[in-house]
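This report describes selected local features of a single protein chain. The sequence and model are shown first, and the description follows.

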Amino acid sequence: MFKAILINKDETGYHTDMAELNEAALPAGEVLVKVLYSTLNYKDGLAITGKGPIVRSFPMVPGIDFAGEVLESSSPEYAPGDQVILNGWGVGEGHWGGLAQKARVKAEWLIPLPKGMTAKQTLAVGTAGYTAMLCVMALQNHGLQPNAGEILVTGAAGGVGSFAISLMHKLGFTVVASSGRLAESAYLRQLGASEVIARESLSAPGKPLAKERWAAVIDSVGSHTLANACAAVKSNGAVAACGLAQGMDFPVTVAPFILRGITLYGINSVAVEKAKRILAWEHLSQLCDQTILATISQEISLAEAIPMAADLIAGKIRGRLIVDVNR
Ligand code: NDP
């Protein structure tokens, strides 16, 4: 038996509770993992609270990422004792996920624990930090250099935003953080933001084009914020869009694209080819020091993840929540 968070939906409603499950109940997969850490991501918050249509079958164990140790493997790629991590692949949405003490998954979804990082450190980064890294890589592949000018990061005090600031700052870029929590300005500056602007300056309907300011943007907010960010990107600049914390809509015009030649990169961390996942984690292990990880993340227990999910969706959590599934 092992402990897990379990989501059920029936005629009495949508329920998320702690449960004791039997290993035999785990879904099919080549690798059985003893989970050490998972995290609480925005998507997990939506799944646990039922505030978004994340879960595709019931009952479901949420948790879109985890780090752990292989217990059993029928795949030649992994052996008992190997340390592994997983991000995405519909785990915690359509396949039982990481907010549990055990998980059984496909071998191809796993990668080895990145060199130089502990299981806990990788999950301090988690899917949010990994997604921020994918955004950074998209901008680097675009050819962005630190001398290009200011980089805007939206949803700055959230998980993706916090890592986006920290990673871009470490790479030598000048970062401007947009946040609805100006009280967190000291935290955002500690991560490397040189200026903090109020979220409200970007979140209302704006003009098709605005004064050129941003060399590039990392956006985890969507909606008018993303549209206004695009409208103020300098000629031939780029935007990496990964989230929808403000909304799924994107009320933009073609003007920034056809008059300034800007590029919009969509970032989906769920299904990324293995070589790119390993490369992203190599970069993360080099760029994330222990001070940054301790500043951005805090640890909670498995049971605490249920009430904290509502706080996360309400935008009350700063940075990242690591879940120690064994306490
Ligand atoms: P968090 O909840 O940690 O952060 C979201 C942040 O967005 C908040 O902290 C807040 O920052 C800001 N925000 C919240 N509500 C609003 C609003 N109404 N208007 C404007 N800003 C708002 O979530 P994550 O960082 O984990 O994820 C951020 C987004 O990225 C989510 O939409 C998530 O689904 C998406 N995501 C996508 C991935 C992908 O693969 N594409 C992977 C991971 C996440 P502040 O208080 O500073 O304004």
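Helices (H or I, at least four residues) and strands (E, at least two) are DSSP runs numbered from the N terminus. This is a predicted model, in which local features need pLDDT of at least 70 and side-chain atom pairs count only at pLDDT 80 or more, while totals for chains, interfaces and linings use all residues. Residues are numbered from 1 along each chain as its sequence is written, and side-chain values use heavy atoms, with hydrogens and water left out.

The buried residues of H8 are Arg277, Ala280, Trp281, Leu284 and Leu287. They cover an arc of only 130° around the axis, which puts them on the same side of H8; the arc is that of the directions from the helix axis to the C-beta atoms. An α-helix has 3.6 residues a turn, so residues three or four places apart point the same way. The cover over the buried residues of H8 includes strand E5 (83-87), E7, helix H2 (119-141) and helix H3 (159-170). At 1.5 Å a residue, the 14 residues of H8 should span 20 Å, and its end C-alpha atoms are 20 Å apart, which agrees; the expected span is 1.5 Å times one less than the number of residues.

## The second largest pocket

H8 also contributes four residues to the lining of the second largest pocket, the largest share. A pocket is an open set of points on a 1 Å grid over the protein atoms alone, where a 1.4 Å probe fits, with protein on both sides within 12 Å along at least five of seven lines; lining residues have an atom within 4 Å of a point. The volume of the second largest pocket is about 160 Å³, a volume being the space filled by probe spheres set on the points. Its lining consists of Ile111, Pro112, Leu113, Pro114, Lys115, Ile278, Trp281, Glu282 and Ser285. The elements that give two or more residues to this lining are strand E7 (110-112) and helix H8 (274-287).

| Residue | Strand | Relative accessible area | C-alpha separation |
|---|---|---|---|
| Val153 | E8 (150-153) | 0% | 9.7 Å to Val221 |
| Trp214 | E11 (214-219) | 4% | 4.6 Å to Val233 |

Leaving aside neighbours within four places in sequence, Val153 is in contact with Gly161, Ala164, Ile165, Val175, Val176, Ala177, Ser178 and Ile218.

## Backbone features

The peptide bond from Phe58 to Pro59 is cis, with omega near -5°. Pro59 lies in the loop between helix H1 (42-49) and strand E4 (65-73).

Trp89, a residue other than glycine, has a positive phi near 60°. Trp89 belongs to the loop between E5 and strand E6 (102-105), and at 24% relative accessibility it counts as partly exposed. Ser223 likewise has a positive phi, near 50°. Ser223 is placed in helix H6 (residues 223-231) and is buried, with a relative accessible area of 4%.

Terms used
Buried means under 20% relative accessible area, exposed over 50%, partly exposed in between (1.4 Å probe, protein chains only). Contact means heavy atoms within 4.5 Å.
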